[in-house]
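Have a look at the model first, and then we can go through them together.

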Amino acid sequence: RRQRQMCIRDRFKIIPNGVDTSVFRSNPVQKENFKKKLNLPQNVFLVGHIGRFHPQKNHQGFIQAGKMILKKQKNVYFLMIGRDINWKNKILVEWIEKAKIKENCLLLGERKDIPEIMPALDLLVSSSSFGEAFPNVIIEAMACEIPVVATDVGDCRDIIADCGKVVARDDIEALAKACLEILKLSDKEREKLGKMARQRVLKNFEISKIAK
């Protein structure tokens, strides 16, 4: 039986998702221009969360972490993108107002220009509680040299490795702490982390290699 199991395993090869690194890449000019479009000063941090409104994505946890972050780092704005992520969403707005971070939240709804928005972020957060397998948004951010903080669901830990931070799912304090640790890095240290992330994507998740 053991030999049969080993034989079956030998027939399998795991092929991860991939990203087009010619589309998702760093763009300092886009970062500056996008903050201008949002009427934000250039010296603020833009922390992104990209995902549809669904319990799996744990927007409530992300908002709670945002409240903790703002207690220690004032110049942070939280950019949320995805289906039903807008000010008409009464549940989402209630969470934001209860956390008292409304002035620091930007809700852009569902967008098709993620490759243009992603390079404008300073940090991407994936706060999912369950159900993730291989979140494409993480390798898209990494390809844009954006550090990532994610919860330990699906393949997140294997994707990010030492190019960001992974915390236990539903541990909101740990999520906020990990975000603050990255935001408090110097510009050079954060840039180095971003470049490491892109190199990891180029080596392991570049779409032409995945196709091959």
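How much space lies in the second largest pocket? About 380 Å³, in what is a predicted model.

## The second largest pocket

This pocket has a lining of 21 residues, and those nearest its centre are Ile 50, Gly 51, Arg 52, Lys 57 and Val 137. Two or more lining residues come from each of β1 (45–50), β4 (123–126) and α6 (136–143). Of the elements, α6 gives the largest share, with three residues. By class, the lining splits into seven nonpolar, seven polar and seven charged residues.

## The largest pocket

The volume of the largest pocket is about 460 Å³. Its lining is made up of 19 residues, with Lys 31, Asp 122, Asp 187, Arg 190 and Glu 191 nearest the centre. Here the elements giving two or more residues are α2 (28–37) and α9 (187–204). Eight of the lining residues are nonpolar, four are polar and seven are charged.

## Where α3 meets α8

Now for the helix pair. Helix α3 (residues 59–72) packs against helix α8 (residues 172–183) at an angle of about 50 degrees, and their axes are 8 Å apart. The two helices are therefore oblique to each other, and α3 passes α8 in a right-handed crossing.

On the α3 side, the contact involves Gly 61, Gln 64, Ala 65, Met 68, Ile 69 and Lys 72. Their partners in α8 are Ile 172, Glu 173, Leu 175, Ala 176, Cys 179, Leu 180 and Leu 183. Sorted by class, the residues of this contact comprise nine nonpolar, two polar and two charged.

Technical notes: Residues numbered from 1 in each chain as written. Predicted model: local features only at pLDDT ≥ 70, side-chain atom pairs only at ≥ 80, totals over all residues. Heavy atoms only, no water. Axes fitted to C-alpha atoms, helices over the stretch in contact; angles between N-to-C directions. Helix = DSSP H or I, 4+ residues; strand = E, 2+ residues; numbered from the N terminus. Parallel < 35°, antiparallel > 145°, perpendicular 65-115°, else oblique. Left-handed = near helix turned anticlockwise from the far one by under 90°. Contact = heavy atoms within 4.5 Å. Nonpolar A, V, L, I, M, F, W, Y, C, P; charged D, E, K, R; others polar. 1 Å grid on protein atoms, 1.4 Å probe; cavity = no way out; pocket = protein on both sides within 12 Å on 5 of 7 lines; lining within 4 Å. Points joined across faces, edges and corners; volume = space filled by probe spheres on them.
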